[in-house]
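Welcome! Take a moment to turn the model around on your screen before reading on. This report will walk you through how the pieces sit against one another.

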Amino acid sequence: MSEHVTTNSAVDDRLDEFIETITESKPYQQFVDSQQELKADDEAQELLREFQTKQQQLQRDGFDQETMGELRELKTEMEDNETISDVRAAEAELVALLEQTNDIISEKIGQEFAQTTGGGCC
């Protein structure tokens, strides 16, 4: 029984080291920084709110050519917004790092580590 506790403790220690390594990585730091910049950027926040509102309107009211046009315009404005672009780029880099990490762990243990199962076990 004590061996099991020791093993869990060792795994917990290694996991803490792994998490610290990830959170100290450049992609993670860039992601955190970009999120903070996004929160402070009123223009970007307004664009995101408008886009969400139009998406909800489209879902609620059904397809509407005018609303689709407004969504396209907002999407273009969001793509042109430097803060939003920085968030998307930072997020993509962090996801790539995590996917690489998953691939390495999967290879080492001989099975897919973080596979998507679509929910429940049964």
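Which hand does the crossing of α2 and α5 have? The crossing of these two helices, α2 and α5, is left-handed. Keep that pair in view, as we will return to it after a look at the whole chain.

**The overall picture**

What you see is a predicted model. The protein chain holds five helices and zero strands, and reading along the sequence gives the pattern α-α-α-α-α. The chain has 122 residues, and buried residues make up 19% of them. Among the contacts in the chain with a separation of 6 or more, 57% are between residues 24 or more positions apart.

Two packed helices are described by the angle between their axes and the distance between the axes.

| Helix pair | Angle between axes | Distance between axes |
|---|---|---|
| α2 and α5 | about 155° | 8 Å |
| α3 and α4 | about 155° | 10 Å |
| α4 and α5 | about 75° | 5 Å |

Let us start with α2 and α5. Their angle is about 155°, and angles over 145 degrees count as roughly antiparallel, so α2 and α5 are roughly antiparallel to each other. On the α2 side, the meeting residues are Pro27, Tyr28, Gln30, Phe31, Ser34, Gln35, Glu37 and Leu38. Facing them in α5 are Thr83, Ile84, Asp86, Val87, Ala90, Glu91, Glu93, Leu94 and Leu97. Sorted by class, this contact of α2 with α5 has nine nonpolar, four polar and four charged residues.

Next come α3, which spans residues 42-61, and α4, which spans residues 65-80. Their angle of about 155° makes α3 roughly antiparallel to α4. The crossing of α3 and α4 is left-handed. From α3, the contact draws on Leu47, Leu48, Glu50, Phe51, Lys54, Gln55, Gln57 and Leu58. From α4 come Thr67, Met68, Glu70, Leu71, Leu74, Lys75, Glu77 and Met78. The residues of this contact of α3 with α4 divide into eight nonpolar, three polar and five charged.

How are α4 and α5 oriented, roughly parallel or roughly perpendicular to each other? With an angle of about 75° between them, α4 and α5 are roughly perpendicular. Helix α5 covers residues 82-109. Here Met78, Glu79 and Asp80 in α4 meet Glu82, Ile84, Ser85 and Arg88 in α5. By class, this contact of α4 with α5 has two nonpolar, one polar and four charged residues. Met78 of α4 also takes part in the contact with α3.

Is Ser34 buried or exposed? Its relative accessibility is 5%, so Ser34 counts as buried. The Ser34 side chain reaches the backbone oxygen of Phe31 at 2.8 Å. Leaving aside residues up to four places away in sequence, Ser34 touches Asp86, Val87 and Ala90.

Finally, look for Asp103, which is found in helix α5. Asp103 has a relative accessible area of 49% and is therefore partly exposed. How far is the C-alpha atom of Asp103 from that of Phe113? The two C-alpha atoms are separated by 7.8 Å, while Asp103 and Phe113 are 10 residues apart along the chain.

Technical notes. Residues numbered from 1 in each chain as written. Predicted model: local features only at pLDDT ≥ 70, side-chain atom pairs only at ≥ 80, totals over all residues. Heavy atoms only, no water. Axes fitted to C-alpha atoms, helices over the stretch in contact; angles between N-to-C directions. Helix = DSSP H or I, 4+ residues; strand = E, 2+ residues; numbered from the N terminus. Parallel < 35°, antiparallel > 145°, perpendicular 65-115°, else oblique. Left-handed = near helix turned anticlockwise from the far one by under 90°. Contact = heavy atoms within 4.5 Å. Nonpolar A, V, L, I, M, F, W, Y, C, P; charged D, E, K, R; others polar. Buried < 20%, exposed > 50% of the residue type's maximum accessible area, 1.4 Å probe, protein only. Polar contact = N/O pair within 3.5 Å; in protein donor to acceptor, adjacent residues only side chain to side chain.
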